[in-house]
Amino acid sequence: MEHSERSFIMIKPDGVQRQLIGEIVSRFERRGYKLVAAKMMTPSVQLAKQHYAEHDGKPFFESLVNFLTSGPVFAMVWEGKDIVATGRKMIGKTKPLESDPGTIRGDFGIDVGRNIIHGSDSVDSANREIKLWFHAEDLNSWKPVTQGWIYE
Ligand code: IDP
């Protein structure tokens, strides 16, 4: 019973400003996922560009980088069974207005450029993003006592 899939989840500057850190962390905790790393930081332009490299050249790229570097973000690594796909479901669609109520973007957002949170879109992206934002020694291996009540 090893559920070691990991995802990089980041509360963007709008989510931090709107004091949604506790709300969002709580949703992942209550679902049964395990927090293995977290830090608050203001990303450098270089880091933001690397993170969103796949969007380089798109019309919204510059404003996206400006937004992400405008203030502190709350970067996290969460672990558990199917965390990448389930994390995306919990987050909602890229556009908050297209996100169902009950999802994070569907409950708290309106505009795409203020969509509160990032979550890795594949296991490969997760591995890349975790390496980009965290040092290996910042990732905690631990076994929550609740594990046997969440996984059968
Ligand atoms: P995702 O965050 O749901 O994975 P992506 O398509 O990877 O969505 O886009 C990354 C981020 O770029 C989005 O979360 C959003 O902040 C921003 N973005 C995406 N498309 C647009 C757009 O058309 N206009 C403005 N910002 C956009």
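Q: How far is an oxygen atom of the ligand from an N or O atom in the side chain of Asn115?
A: That distance is 2.8 Å. Bear in mind that this is a predicted model.

Q: And how much of the ligand does the protein bury?
A: The protein buries 77% of the 520 Å² that the ligand exposes when taken alone.

Q: What about Thr94, how far is its polar side-chain atom from a ligand oxygen?
A: The polar side-chain atom of Thr94 lies 2.6 Å from an oxygen atom of the ligand. For Arg88, a side-chain N or O atom and a ligand oxygen are 2.8 Å apart.

Q: Which residues are around the ligand?
A: Lys12, Tyr52, His55, Phe60, Leu64, Arg88, Thr94, Arg105, Val112 and Asn115. By class, that shell has 4 nonpolar, 3 polar and 3 charged residues.

Q: Where does the ligand sit?
A: In the largest pocket.

Q: Switching to records, which residues does UniProt place under "binding site"?
A: An unreviewed UniProt entry puts that feature at Lys12, Phe60, Arg88, Thr94, Arg105 and Asn115. The lining of the largest pocket includes Lys12, Phe60, Arg88, Thr94, Arg105 and Asn115.

Q: Where in the fold is Lys12?
A: Lys12 is in the loop between β1 (6-11) and α1 (13-17).

Q: What domain does UniProt place at residues 4-141?
A: The unreviewed entry gives "domain: Nucleoside diphosphate kinase-like" for residues 4-141.

Q: How far apart are the end C-alpha atoms of that span, and what is the helix and strand share?
A: The end C-alpha atoms of residues 4-141 lie 10 Å apart.

How values were computed: Residues are numbered from 1 along each chain as its sequence is written. This is a predicted model: local features need pLDDT of at least 70, side-chain atom pairs count only at pLDDT 80 or more; totals for chains, interfaces and linings use all residues. Side-chain values use heavy atoms; hydrogens and water are left out. A residue is near a molecule or strand if one of its heavy atoms lies within 4 Å of it. A polar contact is a pair of N or O atoms within 3.5 Å; within protein, one must be able to donate a hydrogen and the other to accept it, and residues adjacent in sequence count only if both atoms are side-chain atoms. Accessible areas come from the Shrake-Rupley method with a 1.4 Å probe; for residues, only the protein chains shown count as cover. On a 1 Å grid over the protein atoms alone, a cavity is a set of points where a 1.4 Å probe fits but cannot get out, and a pocket is an open set with protein on both sides within 12 Å along at least five of seven lines; lining residues have an atom within 4 Å of a point. A molecule sits in a cavity or pocket if more than half of its atoms lie within 2 Å of its grid points. Ala, Val, Leu, Ile, Met, Phe, Trp, Tyr, Cys and Pro count as nonpolar, Asp, Glu, Lys and Arg as charged, and the others, Gly among them, as polar. UniProt positions are given in the numbering used here, feature names are shortened, and annotations may be inferred rather than shown by experiment. Helices (H or I, at least four residues) and strands (E, at least two) are DSSP runs, numbered from the N terminus.
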